[in-house]
Amino acid sequence: FQEICENIMAIPLFVNPSDTVTVNFVVGVAKDNPKQVYCDVDEATLLEIYPNVDKDTIEKHEAIFRLPNFEDQSKMVRDGFKLTDDGVNTNPAAMQLGRIVRLLKSWTLTKNATTDEIKNLNPLVALVISSELERKIG
């Protein structure tokens, strides 16, 4: 019985608000169009997928997120699913945005990560960050 109790105590039943996960990503622009942004999780993949990227423009960045707790998860699900008279409407983009806004602690893109800055991210950059965050925390 004592061994069972000790094992239960070792299971992380509560989320530690100081635990974080880091998402690394790289960005660059097209050789022929400086407004065309490319993004991926590492430079080698970026260059492979987007051969038109200007190598001189590639920047490495990171975003640090706290781990979601039950309240966060409940709010993100609420953001992504709406009950209507016709059934349930899903909005994965709203869920992704809510996850980034709620969990982001810091990043190297700007000094402070404000909600407006997050909302104004290039969609590809937001997708890469969100996908990598999802991969890391599930």
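**Reading salt bridges, burial and a pocket**

Mentor: Arg 102 has a relative accessible area of 25%, and so it is partly exposed. Please keep in mind that this is a predicted model.

Trainee: Which residue forms a salt bridge with Arg 102?

Mentor: A salt bridge is read from a side-chain nitrogen of Lys or Arg lying within 4 Å of a carboxyl oxygen of Asp or Glu. Here the partner is Asp 79, and the closest N and O atoms of the two residues are 2.8 Å apart. This pair links distant parts of the chain, since Asp 79 belongs to helix α3 and Arg 102 to helix α4, 23 residues apart. Asp 79, with a relative accessible area of 21%, is likewise partly exposed.

Trainee: How many salt bridges does the structure hold?

Mentor: There are five, and one of them joins the side chains of Glu 134 and Arg 99 at 2.4 Å, N to O. Because Glu 134 lies in helix α6 and Arg 99 in helix α4, this pair ties together parts that are 35 residues apart in sequence.

Trainee: Is Arg 99 buried or exposed?

Mentor: Residues under 20% relative accessible area are called buried, so Arg 99, at 8% relative accessibility, counts as buried, whereas Glu 134, at 37%, counts as partly exposed.

Trainee: Where do Lys 75 and Glu 71 lie?

Mentor: Both are in helix α3 (residues 70-80), four residues apart, which is about one turn of the helix, and their side chains meet in a salt bridge of 3.3 Å, N to O. Lys 75 is partly exposed at 29% relative accessible area, and Glu 71 is partly exposed at 48%.

Trainee: What does the side chain of His 61 make a polar contact with?

Mentor: The place of His 61 is in strand β3 (residues 59-66), and its side chain makes a polar contact of 2.8 Å with the side chain of Thr 108. His 61 counts as buried because its relative accessibility is 12%. Leaving out residues up to four places away in sequence, His 61 touches Val 23, Asn 24, Phe 25, Val 27, Thr 108 and Leu 109.

Trainee: Which residues line the largest pocket?

Mentor: The lining includes Ala 93, Leu 97, Ile 118, Lys 119, Pro 123 and Ser 130, and the elements giving two or more residues to it are α4 (92-103), α5 (115-119) and α6 (123-137). The lining residues divide into eight nonpolar, two polar and one charged, and the volume of this pocket is about 200 Å³.

Technical notes: Residues numbered from 1 in each chain as written. Predicted model: local features only at pLDDT ≥ 70, side-chain atom pairs only at ≥ 80, totals over all residues. Heavy atoms only, no water. 1 Å grid on protein atoms, 1.4 Å probe; cavity = no way out; pocket = protein on both sides within 12 Å on 5 of 7 lines; lining within 4 Å. Points joined across faces, edges and corners; volume = space filled by probe spheres on them. Nonpolar A, V, L, I, M, F, W, Y, C, P; charged D, E, K, R; others polar. Buried < 20%, exposed > 50% of the residue type's maximum accessible area, 1.4 Å probe, protein only. Polar contact = N/O pair within 3.5 Å; in protein donor to acceptor, adjacent residues only side chain to side chain. Contact = heavy atoms within 4.5 Å.
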